[in-house]
Amino acid sequence: MVNTTKLNLGGAHAISYKLGFGLLPFLIFGVPLTINHKISNLEFLQWCWAAAIGTLLAAIFLLICDKTFLKNRRTKPVPNSWIFALGAALGAIKGSSTEIIASSWFHIAGLSYKSIVVRTLNSSVLGLLMISLLSYVNFWWHSIRNVREELAQDLRNFESTFLPLNMGDDQLLREIEERLADAKSAFVTKFTGQEVTQPLEVAKYLRRMAQELIRPMSHKINERSGGRFKKTHFIRQLLLLLPEAISPSLPWLVALCIATNLRIAVESYGVWKGSVFLVSVSGLLLLIAQGIKVTLKNLKPNWISILTIITVASLINTILANLINNFAFQSKNPFNFYLTFFWTITVFFLVLTAHAATSLSMLEIADLENKYYKKYLDNLKQTLMRNSQDVRLAKFLHGTLSTQLLTSAFRIENLSKTMNLPAIKNEILIAEQHMNIDLAPKTHQEDLNLETVIRDTFYKWGSLMQISGIFEIGAAEINSDVVMGMGDLINEVLSNAHRHGGASNIDLTLSATDSHLEFSAINNGQAIARFNKGYGSRLFDEVTGNSWNIENLPDNRGVKFTARVAVESTPNRKTN
Amino acid sequence: MRIVLVEDEVFTRSTMKAALQLQGIEVVHDTGSVGSAMKIAEITKPDAALLDLDLGGGPNGIDLAFGLRRILPKIGIVLLTGFSDPRLLDIKVLNLPTGSRYLVKHRVHDVEILVSELAKSIHLSSGSKPNNEKVLNPEFKKISDAQIETLKYLAQGLSNGEIARLRCVSEKSVEQAISRLVSYFKIEGGTHNKRVGLSRIYFQQSGSLPNG
């Protein structure tokens, strides 16, 4: 999907001083002290103090910016370049002031004019990267929030017609029936006082009934069922998308790695050896990122595994960097294990989460189904299975019932327009009150009874053919899918006999064994000249698992169809 | 003229009955049920039957037409439906009984057309003119049954995989059928819009959406 939202780091969602303050404490410990001599514990503490004061100065600078040139950014956005400059300046202030304070107030050895310049440059690059990243995340975060608010508003619009959540199926059905009854009563009340009613008014009412009553109910049921719009906590969504964020994050990871290690490497090892160190550490980071990607790809992603793997990866990175530092380069520098570990894990999460947030916004705004939905299909499948009843009901309400009402409305409008009809007599409308909208057979499919299905099919076709039959079927507990399948199969057999054979008589037998239903149908219609594969044969294949046969009886006496359907059945009882 | 009116939608049925009565036609029975239509027709022996094609599950209007012809060989048959091509309702539809008339609802601009077609159907059924052709919408003549079936499933919102499973063909075949339909109806736009465009055509041609 192509998101057309223009990236604007200096607009309403530009870095705020509150967010900036949240980031700054990281800077205190973020860059390890690597002056070219072994520092004591006291010096380390002093360095932290200097870094804290430097951070405070940077925070004051950010506050001033926020109150001056960034003040009207919501209405008058500043260019992206200003945000980059702000980040660089922030880093420079923090880096230089820390270095100056450390050398002039605390007199930490190893600091010089040259090191102040190097640190200032280094910190400005780091600041630029960090502030850009933060603004980038903030921008997408707000974009997502806006979309979410719009969606939430849409949902609130339906609020008044929604049913309460967490109702049992029976309660829900009762509620729907009550609502339909209310709607019908309102319908009758509306039209009772008048003698005649205009067709267009009726159509309008039907339309309203479908759109304002039935559809919202189906939406609510669909929501209740979870299904495709299953909600996952936002933070979990971010975590689950971290694996996908690794590839696009690599440039950020490398940039941050180089920015943070450049000065350390050059100061510690000199230009050439330092460059080799830098390349080694960056390569290591890339390698580990790739490792995380591969591991997560082969693992069912959940937030625990992601957190664990990234923590372990950071630990490995720290240990290997330590080894490179101490053994490969035989450095005399102290290597602060905890700081490096803390820094690596922070960088991993910051960069990956930034990209996960942007990926998420893309997915949310466009089509959650595409990437995210498919990736976690297993999870959703379970939800769908659990809620298939609700889904069926929602589909029935949304599809069949409301479509019936809308189609009726449309046809009445059409007829009244094209035929110039007079008003409809109200007695006809009043009779509509008794229109039976039968929810039960469509929703409680597990209650389907084979006998009922057969009786229903016989009733439909009985007027067109003489149908007789003997049925010896299981008492109960025939799977509802089998019952429905048998209903379709019998309907198809009857329709074929009538349509293709022109049969006037058909004899059916259905009996059950412990594991199978045996069905046969003999009609007196015309013999089949050529059997074509089509809808019927597909249906038979599906219902019977290819256990069916059709043959012409000798002497043109008709056609015989037999089928065998696997089913678990209870001891026989005889029905006729 | 005495007719039996079979339409499963109560409002449409009542409005049509009122309109026909205004034209001086005696509606001897109006119903939404095949069984009821057959029983009453046998007793009242109407001159013609005005039938809806889609009568819900089970027998459709054409099945009923053949049933009526069996008990009343000279009855005139008029099928009035929203489906511009009967294959859109059921791919297995047969030829119509001899002399039957097939009317698409949105093309009937006046109730007098109905009256005239009912009269024609009575005349043709008692004559010898055969009607062995399948009713095919000229716009759909070059579309195969398989493509119509795909169109129908597509309009029901099924994915290519689901359609393939129902039709017992490969997804590739479904994709090909869809792309042929797209090029046949000259639908433009992205993949998603093409499916919506095809669904729109289905609903227009089945009378659920106005044309144009």
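The model is predicted. Chain A contains 18 helices and eight strands, and chain B contains eight helices and five strands. Over all chains, the count of salt bridges comes to five.

**Chain A as a whole**

- Of the 576 residues in chain A, 48% count as buried.
- The accessible surface of chain A amounts to about 29,400 Å², and carbon and sulfur atoms account for 59% of that area.
- Among the contacts in chain A with a separation of 6 or more, 79% are between residues 24 or more positions apart.

**Chain B as a whole**

- Along the sequence, the elements of chain B follow the order β-α-β-α-β-α-β-β-α-α-α-α-α.
- Chain B has 212 residues, of which 53% count as buried.
- For contacts in chain B between residues at least 6 apart in sequence, 67% join residues at least 24 apart.

**Helix α16 of chain A**

- Helix α16 of chain A covers residues 450-461, twelve residues in total.
- From its first C-alpha to its last, α16(A) reaches 17 Å, close to the 16 Å expected at 1.5 Å a residue.
- The buried residues in α16(A) are L450(A), V453(A), I454(A), T457(A), F458(A) and W461(A).
- Viewed down the axis of α16(A), these buried residues fall within an arc of 135 degrees, so they line one face of the helix.
- An α-helix has 3.6 residues a turn, so residues three or four places apart point the same way.
- R455(A) and Y459(A), on the other side of α16(A), are exposed.

**Helix α17 of chain A**

- Helix α17 of chain A covers residues 480-499, and its 20 residues should span 28 Å at 1.5 Å a residue.
- The end C-alpha atoms of α17(A) are 28 Å apart, which agrees with that expectation.
- In α17(A), 15 of the 20 residues are buried, so this helix is largely enclosed by the rest of the structure.

**A nonpolar patch on chain A**

- A nonpolar patch on the surface is formed by V312(A), L315(A), I316(A), I319(A), L320(A) and L323(A).
- Together, the residues of this patch have about 440 Å² of accessible area.
- One of them, L320(A), is found in helix α9 of chain A, which covers residues 303-328.
- L320(A) has a relative accessibility of 31% and therefore counts as partly exposed.

**A salt bridge in chain A**

- E518(A) and R564(A) meet through their side chains in a salt bridge, with an N to O distance of 2.4 Å.
- E518(A) belongs to strand β5 (residues 516-523) of chain A and R564(A) to strand β7 (residues 559-566) of chain A, so the pair ties together parts that are 46 residues apart in sequence.
- E518(A) is partly exposed at 26% relative accessible area, and R564(A) is partly exposed at 35%.

**Salt bridges in chain B**

- The side chains of E26(B) and R2(B) form a salt bridge, 3.8 Å from N to O.
- This pair links distant parts of the chain, with E26(B) in strand β2 (residues 26-31) of chain B and R2(B) in strand β1 (residues 2-6) of chain B, 24 residues apart.
- E26(B) counts as partly exposed at 44% relative accessibility, and R2(B) is partly exposed with a relative accessible area of 27%.
- K17(B) and D30(B) meet in a salt bridge between their side chains, at 3.1 Å from N to O.
- K17(B) lies in helix α1 (residues 10-22) of chain B and D30(B) in strand β2 of chain B, so the pair ties together parts that are 13 residues apart in sequence.
- K17(B) is partly exposed at 24% relative accessible area, and D30(B) is partly exposed at 23%.
- R101(B), E117(B) and K120(B) are joined in a network of salt bridges.

**Residue D85(B)**

- D85(B) is located in the loop between β4 (76-81) and β5 (101-104) of chain B.
- With a relative accessible area of 0%, D85(B) is buried.
- The C-alpha atoms of D85(B) and Y102(B) are 9.6 Å apart, and the two residues are 17 residues apart along the chain.

Technical notes: Residues are numbered from 1 along each chain as its sequence is written. Chains are lettered from A and ligands numbered from 1 in the order in which they are written. This is a predicted model: local features need pLDDT of at least 70, side-chain atom pairs count only at pLDDT 80 or more; totals for chains, interfaces and linings use all residues. Side-chain values use heavy atoms; hydrogens and water are left out. Helices (H or I, at least four residues) and strands (E, at least two) are DSSP runs, numbered from the N terminus. Buried means under 20% relative accessible area, exposed over 50%, partly exposed in between (1.4 Å probe, protein chains only). Patches are made of residues with over 30% relative accessible area and no salt bridge: like charges are joined within 9 Å, nonpolar side chains (Val, Leu, Ile, Met, Phe, Trp, Tyr) within 5 Å. Accessible areas come from the Shrake-Rupley method with a 1.4 Å probe; for residues, only the protein chains shown count as cover. A salt bridge is a side-chain nitrogen of Lys or Arg within 4 Å of a carboxyl oxygen of Asp or Glu. The expected span of a helix is 1.5 Å times one less than its number of residues. The arc is that of the directions from the helix axis to the C-beta atoms. Contact means heavy atoms within 4.5 Å.
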